[in-house]
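Subject: The model, and some notes on it

Hi,

Here is the structure I promised to pass on. Could you open it and keep it beside you while you read my notes?

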Amino acid sequence: MAESNGTGSDKARALHGDAVDATADTHLTTNTGVAIGDNHNQLTAGDRGPTVMEDHVFREKMTHFDHERIPERVVHPRGSGAHGFFQVYEPLTDLTCAAFLQDPSVKTPVFVRFSTVVGFRGSADTVRDVRGFATKFYTSDGNFDLVGNNMPVFFIQDAMKFPDLVHSIKPEPHNEMPQASAAHDTFWDFASLMPESTHMLLWVLSDRAIPRSYRMMEGFGVHTFRFVNAEGRSRFVKFHWKPLLGTHSLVWDEAQKLAGADPDFHRRDLWEAIESGDFPEFELGVQVIEEDQADSFDFDLLDATKIVPEELVPVRRVGKMTLDRNPANFFAETEQVAFHPGHVVPGIDFTNDPLLQGRLFSYVDTQLIRLGGPNFNEIPINRPLVDVHNNQRDGFMRQTVHEGRVSYEPSSLGGGCPMQAGGDMRALRAFGERMEGLKTRTRSETFADHFSQATLFWNSQSEIEKQHIVGALHFELGKVEHMHVRQRVVDLLANVDRDLAERAAAGIGVTEVTGDLSYLDDYASPKPNDVRGAAAPGVSRALSMDQGDDGHGVRTRKVALLAADGFDEGSLQAVQEAITSGGGKTMVIAKLLGSVTGGGGMSLDVDKSHVTTIGAEYDAVFVCGGSAVEHLQEQDEVMEFVRQAFKHCKPIAAAGSAVELLQSIDRPGVELADGDGSDVTSSHGVVTAGSGADMAAFAAAFVEAIGKHRHWSRELVGMVG
Ligand code: HDE
């Protein structure tokens, strides 16, 4: 067996065989390698005459261009990829024989593609949506794809409903609107007729659906899988990814603004982080469940609308993935990568989750149309690092040249090779699960509790998170034209929590909250069970993102320094020093590009002008002091920048004369330091200091405020709405 003992660059080396330096110092050629003398003019009959048929150089160029596009993914078309590697912390031999989970010294190369689900390939990154989190591990036993999402549950229980779900959420077929949004009639019509979607709806309405960064979101395998060890012993497993930068989100208003100002916000964030050496890291977590333990749960492990609460089965962190290299070519790698939940390796196996079972069909099928035939695993990004030997032959675009006359097995002519892996060899062998029952098209009764975990999720949210969910409902349902659909959603939600339903109803003109689901009878919709899960819903802390200071400080955070000529150098330098030494980044923003000069003559390069950036692109704002304040106060863009930062609950800092600028923003309830004094004051994430204060202490207080990500107290006490 070939042992992968390499690093993420193994895949780079493997890809390198196909790589071409696009700017090599050479001349243009045709696809057959013949030098092209003129790349500007067609071959014509006379210099003002028509093109002659003979011009095969033109035809080759134009034909290739005309065929450049391949179909985008039917779901998840918009995505961004990155290379990296994975290392297990300690051998997991007792749980699984998967080769990449045995040896902590082995770095298994990976390629990850993050995505939104609904929007087209050119849609904005920051829309409200589930995020795909798909990882291809190039292991020494072949490729393992963990094709997950950033939410642990799904809308439906059976793959049979997937085309309906996707048709309902995609732009409506008559006018192809809206783009990349669930906020329209067909989605909520469908969802309210599918009560099994309720739990997932709450996740999608939560801020998890508008992540701050791909680097700051969790990932989940969603389905229950199996770990199988060398003795053939099986246990259930749920896969998790835990971002080392913590789980953080944008706020809705900011997400909408970013969709306009920088539709590539998440793609750029990922790209720039990797380029600057801030490699995103995620720990792989597993929840391992013994078969008999599963029987004691009040939900069915095969039901993808359910989580296994972390309080019930803790997540064990078993290894770490580091993304350390950007793709060299978007199309070749990110667009052509083909994931498939069926790509498992010995030691990992499926369960009978009917959603997973359906996916096992869909992914290969979709690659056949998207990548044009059955040879897509020969595309460099999809090729395993180990050799491929089988008797599959031919088909469009076959690359491999199989030598010899044998393409069948068994054969004596080929010396019996390639043969089946023998009993003592590492090979895929389906776990021998005992099966019995009638062939039937029915939903198991154990799938019928659609609300308990939705209630658990709601109860586990902080008040601010609840407010955001209600706000999202007002937006989503506010866009729904049919009143009876709004009413149905409210009644569905009343089965989760009365308060939730009433708060939702209040913003969308629904006056009565009944909780009556009898309308489902008219549509043969799957009925929820009358009997809720036996355990009381309670609270699961892991479901809330709002856990106070997450201890990640300013690492990789982007801080705007609003500057103008005459800025105070001492406070600016203290802030710059504190942020960069904590691993954050500062960006100087001024009215015009070029440079600004400080009160003491210091020159500062301007990174962005107000024409090219908006406040939503930064995690925090520092307003420069000194005589710069007089200029800054006159600039509408500056005042708007600070107002937006306040509204989005971001940390804001100002010292000395800049405190005056904050005063003019007029936020009653926020305490500000006396600009002429020597105190440092932190109030609702606004950090101010007098000109006589210790600037290092001021900068440290700002860093602490940034570490908290957002200061929701502003929303809680009604300073912003
Ligand atoms: Fe997918 N899904 N999916 N899905 N999915 C695809 O495959 C499908 C589901 C997920 O970055 C498609 O190559 C069915 C759950 C990701 O390339 C397609 C069902 C989860 C990606 C497909 C589901 C996912 C896809 C479209 C219900 C989380 C993007 C293009 C039974 C666990 C992968 C493609 C990438 C992509 C089918 C539900 C994750 C059509 C039938 C649940 C991350 O095959």
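This is a predicted model: local features need pLDDT of at least 70, side-chain atom pairs count only at pLDDT 80 or more; totals for chains, interfaces and linings use all residues.

Residues are numbered from 1 along each chain as its sequence is written, and side-chain values use heavy atoms, with hydrogens and water left out.

The ligand

The iron atom of the ligand has a single donor from the protein, the OH of Tyr 363, 1.9 Å away. Donors here are N, O and S atoms within 2.8 Å of the metal (3.2 Å for Na, K and Ca), and water is not among the atoms, so sites may look incomplete. Tyr 363 lies in helix H10. Helices (H or I, at least four residues) and strands (E, at least two) are DSSP runs, numbered from the N terminus.

There are 23 residues around the ligand, and those that come nearest are Arg 73, Arg 113, Ser 362, Tyr 363 and Gln 367. A residue counts as near if one of its heavy atoms lies within 4 Å of the molecule.

- Arg 113 places one 2.6 Å from an oxygen atom of the ligand.
- His 76 has one 3.4 Å from a nitrogen atom of the ligand.
- Arg 359 has one 3.5 Å from a nitrogen atom of the ligand.

Strand E3 (131–139), strand E4 (142–149) and helix H10 (354–370) are the elements that give two or more residues to this shell. H10 gives the most, with six residues. By type, the shell holds 11 nonpolar, nine polar and three charged residues.

The cores

The largest nonpolar core has 63 residues, and the members that touch the most others are Phe 622, Val 623, Leu 661, Phe 698 and Phe 702. Helix H19 (residues 695–707) gives the most to this core, with eight residues. A second, separate core of 60 residues includes Phe 220, Leu 473, Ala 504 and Val 513. A nonpolar core is a set of buried Ala, Val, Leu, Ile, Met, Phe, Trp, Tyr and Cys residues joined through side-chain atoms within 4.5 Å. Buried means under 20% relative accessible area, exposed over 50%, and partly exposed in between (1.4 Å probe, protein chains only).

If you zoom in on Phe 622, its contacts beyond four places in sequence include Leu 561, Val 575, Ala 653, Phe 698 and Phe 702. Contact means heavy atoms within 4.5 Å.

Single residues

Ser 460 is found in helix H11 (residues 452–460) and is buried, at 8% relative accessible area. Its side chain reaches the backbone oxygen of Leu 456 at 2.6 Å and the backbone nitrogen of Ser 540 at 2.8 Å.

Gly 721, in the segment after helix H20 (713–716), is exposed, with a relative accessible area of 99%. Gly 721 and Lys 647 are 74 residues apart in sequence and 7.7 Å apart in space, C-alpha to C-alpha.

Ala 183 lies in the loop between helix H3 (162–169) and helix H4 (185–192) and is buried, at 5%. Among its contacts outside four places in sequence are Pro 178, Trp 188 and Phe 475. Pro 178 is in that loop too, and the peptide bond from Met 177 to Pro 178 is cis, with omega near -10 degrees. Glu 176, also in the loop between H3 and H4, has a positive phi near 50 degrees.

Elsewhere, a cis peptide bond joins Cys 417 and Pro 418, with omega about -10 degrees; Pro 418 sits in the loop between H10 and H11. Thr 556 has a positive phi near 65 degrees and is buried, at 8% relative accessibility.

Happy browsing!

Key
A polar contact is a pair of N or O atoms within 3.5 Å; within protein, one must be able to donate a hydrogen and the other to accept it, and residues adjacent in sequence count only if both atoms are side-chain atoms. Ala, Val, Leu, Ile, Met, Phe, Trp, Tyr, Cys and Pro count as nonpolar, Asp, Glu, Lys and Arg as charged, and the others, Gly among them, as polar.
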